[in-house]
Amino acid sequence: MANQGPAYYSPYPAAIYEGVITPPEGKALLLEEVVDEEIAMREIAKQMLTKENATIFPGPQVLYGYNDEAKKKATLIKEMAEVLNANMIPMYDYRPKYPKIDAEIEINPNHPNLTIWHNNIKAAIFIGVHCHYANVALKMVRCETDCYTIAICGLSGHEDAMATLRDQHSSELEKFIKIAREVKAELKL
Amino acid sequence: MAIDIYKINPEFRDIMPKEIIDLEENATWAQNQKKPRGIKEMPDTKEILEEHSLCAGCPEAAALRYVLAALPKPEETIIVNSTGCTSLMFPHIALHTVHSLFGNQNAVATGIKRVLDWRFPDIEKDVVVLAGDGATVDIGLDYTLQSFFRQENITTICFDNEVYANTGGQESGATPKGQVFKMAPTGKKFEKVKMWELATTAGCHYTMNMTASAPKAVAKAVREAILVAREIGPTFLNIYTPCILEIGLSANEGLGEMKDQDKDRFASYKFVSPEAEEFLKKCKAEGKL
Ligand SMILES: Cc1ncc(C[n+]2csc(CCOP(=O)(O)OP(=O)(O)O)c2C)c(N)n1
Ligand code: SF4
Ligand SMILES: [Mg+2]
């Protein structure tokens with residue numbers, strides 16, 4: 001359960017205090033290790049294809065069609081879910097929901113672990129979630145669950161995820177889907 | 001871009017909760033695009049999620065629905081809000097809003113309005129400030145009055161619950177004399193500040209003091225105030241939305257409290273400048289009201 005962080009500020013032991021930082025441009029992060037993007041993509045696909053109740057959590061930046069890139073990403077994420085045999089649960093906004101959150105149909109950064117516990121999710125992708133909320137949610141999930149978290153981030157990535165891909169736009173998603181198909185074939189799934 | 005920010009990508013419609021789909025389909029602007037709408041359409045439309053985070057029965061939630069239903073052009077409107085209970089509702093509506101630093105709302109609104117007029121000279125854009133009494137009458141008083149002095153084309157609405165509700169019940173300038181709160185145990189020592197009179201003196205062209213007991217009256221005031229702000233100059237509405245929690249009422253007692261105050265501290269005050277009066281007559285003749 002939650003420990004007091006080294007800075008006595010975050011209630012969770014954040015990865016940054018263990019020396020883990022986001023990957024440099026062109027690279028990815030697997031646990032504590034900086035690796036080539038393709039290696040991380042293969043590992044992510046493997047985790048999602050083999051872990052129980054793998055789930056994609058799309059955030060507002062892809063749920064709403066506010067520009068062409070968001071619309072394109074939506075189509076690709078749907079395809080990605082099919083290739084990975086993954087469920088999808090939206091993180092459509094970030095408001096605290098009291099007294100009750102329906103953990104079956106939504107996740108929000110204030111209680112992300114509840115959704116993961118309730119649905120017994122062992123691998124999860126966060127995509128299109130604004131960075132400051134992804135940071136909050138990923139810290140809690142890292143600390144309170146045994147879920148393998150994956151951040152597919154349009155900016156510089158998230159060190160609190162088990163695997164992080166940075167600078168991910170629609171062309172990178174296409175590449176990931178292609179790799180995921182190959183991994184799926186190799187695993188004979 | 002504009003309202004597309006609230007349009008759900010078709011790929012994700014099947015995983016979105018029903019309340020969010022409803023909000024998109026029946027939001028203020030969605031209905032407004034089909035036919036101009038108002039308070040009468042409220043039963044069939046959805047301005048705010050049912051599971052908003054105000055206290056059950058808080059009159060602020062009802063008043064916000066009346067305000068949203070009365071916006072003349074919701075899809076071209078930006079609401080600027082300030083910290084407080086009022087601001088808790090804004091993530092639960094499908095309309096452009098900007099959360100400003102506590103008290104800064106009228107300064108922020110001024111900047112937004114000026115830039116919008118410069119950027120979109122051919123489109124009427126309405127900027128509406130909606131903030132609590134602590135933000136308007138105390139901490140943001142300077143910015144609020146300065147925006148009136150400068151004759152900014154913005155509408156300012158104060159949800160006056162006569163207390164700093166969100167921080168647990170401290171007295172504000174709008175608290176009536178003698179009132180005791182949890183965090184104001186000795187009672188307020190001076191009279192309630194008559195913000196509506198200050199607004200008129202400071203140059204507002206349309207000022208009202210009222211309660212939110214009658215939806216139609218609120219809607220009429222909102223629509224008129226916004227039209228006047230667009231063409232003539234600043235307008236101000238002070239609307240009583242009692243904090244039932246801090247004055248010890250239950251969820252179903254807010255309306256009764258507002259009705260009582262219609263005859264007391266919030267007895268109707270209305271000021272309309274001669275220019276605004278002339279303009280409103282023209283609007284009426286053109287069917288805009
Ligand atoms: C700059 C700043 N000062 C103080 C606060 C603390 N604060 C948050 S809400 C609030 C009271 C709001 O009172 P009011 O404007 O009357 O709104 P209400 O909650 O009553 O609707 C205060 C003082 C803050 N958030 N920011
Ligand atoms: S504290 Fe008062 S103003 Fe705030 S939501 Fe509750 S009843 Fe409304
Ligand atoms: Mg108040």
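Chain B and chain A meet in a contact that takes 17 residues from chain B and 22 residues from chain A. On the chain B side, the residues touching chain A divide into 10 nonpolar, 3 polar and 4 charged. The model is predicted.

Turn now to the sheet of chain A. Here 7 strands form an open sheet. Their order is β2-β1-β7-β6-β5-β3-β4, and the pairing is mixed. The edges of this sheet in chain A are β2 (33-36) and β4 (87-88), each of which pairs on one side only. Helix α3 of chain A, residues 68-83, packs on the sheet. It touches β3 (55-58), β4 and β5 (123-127) of chain A. The direction of α3 makes about 165 degrees with that of β3(A).

Strand β1 of chain A (residues 27-30) and strand β7 of chain A (residues 163-165) pair in the antiparallel sense, over 3 bridges. Within this pairing, L30(A) has A163(A) in β7(A) as its bridge partner.

Another helix, α5 of chain A, covers residues 131-144. It lies across β5 and β6 (148-152) of chain A, and runs at about 165 degrees to β6(A). How far apart should the ends of its 14 residues be? At 1.5 Å a residue, α5(A) should span 20 Å, and its end C-alpha atoms are 20 Å apart, so the two agree. Which residues of α5(A) are buried? They are A134(A), A137(A), L138(A), K139(A), M140(A), V141(A) and R142(A). The cover over these buried residues includes α4 (112-118), β5 and β6 of chain A.

Chain B brings us to the ligands. Around ligand 1 there are 19 residues. Those that come nearest are G84(B), F102(B), G132(B), G134(B) and N166(B). Three elements of chain B give two or more residues to this shell: α4 (85-88), β3 (126-132) and α6 (133-139). Of these, α6(B) gives the most, with 3 residues. By class, the shell around ligand 1 has 9 nonpolar, 9 polar and 1 charged residues.

Ligand 2 has its own surroundings. The residues around ligand 2 include the cysteines C55(B), C58(B), C85(B) and C243(B). Also among them are L54(B), E60(B), N161(B), A165(B) and N166(B). I244(B), L245(B) and E246(B) complete the list. By class, this shell has 8 nonpolar, 2 polar and 2 charged residues.

Terms used. Residues are numbered from 1 along each chain as its sequence is written. Chains are lettered from A and ligands numbered from 1 in the order in which they are written. This is a predicted model: local features need pLDDT of at least 70, side-chain atom pairs count only at pLDDT 80 or more; totals for chains, interfaces and linings use all residues. A residue is near a molecule or strand if its C-beta atom, placed from the backbone, lies within 6 Å of it. Ala, Val, Leu, Ile, Met, Phe, Trp, Tyr, Cys and Pro count as nonpolar, Asp, Glu, Lys and Arg as charged, and the others, Gly among them, as polar. Two strands pair if DSSP finds at least two bridges between them. Helices (H or I, at least four residues) and strands (E, at least two) are DSSP runs, numbered from the N terminus. Two residues are in contact if their C-beta atoms, placed from the backbone, lie within 7 Å. Axes are lines fitted to C-alpha atoms, for helices over the stretch in contact, and angles run from 0 to 180 degrees between N-to-C directions. The expected span of a helix is 1.5 Å times one less than its number of residues. A residue is buried if 20 or more other C-beta atoms lie within 10 Å of its own, exposed if 12 or fewer, and partly exposed in between; C-beta atoms are placed from the backbone.
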